[in-house]
Amino acid sequence: IEKLLRDFSVTPTQRAPLLPLHRLEAEDVTPCILPLVGTFPLTKEELLAVSSLDIQEPFRVIEASEKTKLVPLPGWQTILKAEDAVAILCPSDQLPKSIAGKSETVLVVVDRAVKTWNSNSYFIVEKEGKLEFNWFPQSPEVEIIGQLILVLRPKKILDENFQMKIF
């Protein structure tokens, strides 16, 4: 035993490193990819022309055509429970209710599968050949094309001049 302990000619074998193994746990960490329809103003035909994504689990693999634009969003419950969600870029002053601050481009998520009116939601409808977002206190006479489920403002940069100097 003493001889083996003092024998320095034996080289220890190197072990392979551990794999960088992770498991997706929280739904809000899993990105939700939505097709981007375009920028307001849009027509009903443009909104409906964008096909739904075929998302294949367990890793949410998406096969999209080369002309399809996609936008990643956090896997928030309101987006995950939507059946046919699409995203639209929209100037904030074209929303049915003004939001504080200067006008900026926001990302509006619409569920095209929801066509039933309720008084607690905003909807996208067609008026004079163009789409617009509206709230209706009573069931509207116009056709509901989808329900507005989320308005996302861009990340706020406190000091743009400082940010530019960093890069």
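Predicted model: local features only at pLDDT ≥ 70, side-chain atom pairs only at ≥ 80, totals over all residues.
Strands of a sheet pair through backbone hydrogen bonds, in either a parallel or an antiparallel sense.

Both strands belong to an open sheet of 7 strands, whose order is 4-1-5-6-9-7-8 and whose pairing is mixed. Strand 4 (69-73) and strand 8 (130-135) stand at the edges of this sheet, and because each has a single partner strand, one side of each is left without a neighbour in the sheet. From one strand to the next, the twist averages 45°.

Further along the order, strand 9 (residues 144-152) takes part in two antiparallel pairings that can be followed in turn. With strand 6, residues 105-111, strand 9 forms an antiparallel pair over 5 bridges, and here Leu-107 has Leu-152 of strand 9 as its bridge partner. With strand 7, residues 122-127, strand 9 is joined by 4 bridges, again in antiparallel fashion, and Ile-124 finds its bridge partner in Gly-146 of strand 9.

A pair of aromatic rings is described by the distance of the centres and the angle of the planes. The model holds 1 aromatic pair, formed by Phe-40 and Phe-133, whose ring centres are 4.9 Å apart and whose planes meet at 10°, which is under the 30 degrees cut-off, so the pair counts as stacked. Because Phe-40 lies in the loop between strand 1 and helix 2 (44-49) while Phe-133 lies in strand 8, the pair ties together parts that are 93 residues apart in sequence. Phe-40 counts as buried, with a relative accessibility of 7%, and Phe-133 is buried as well, with a relative accessible area of 3%.

Two backbone features remain to be pointed out. Most residues other than glycine have a negative phi, and most peptide bonds are trans. The peptide bond that runs from Phe-40 to Pro-41, however, is cis, with omega near 0°, and Pro-41 is found in the loop between strand 1 and helix 2. Glu-128, although it is not a glycine, has a positive phi of about 55°; this residue sits in the loop between strand 7 and strand 8, where Glu-128 is exposed, its relative accessible area being 85%.

Conventions. Residues numbered from 1 in each chain as written. Heavy atoms only, no water. Pairing = 2+ DSSP bridges. Axes fitted to C-alpha atoms, helices over the stretch in contact; angles between N-to-C directions. Phe/Tyr/Trp six-rings, centres within 6.5 Å; stacked < 30°, edge-to-face > 60°. Buried < 20%, exposed > 50% of the residue type's maximum accessible area, 1.4 Å probe, protein only.
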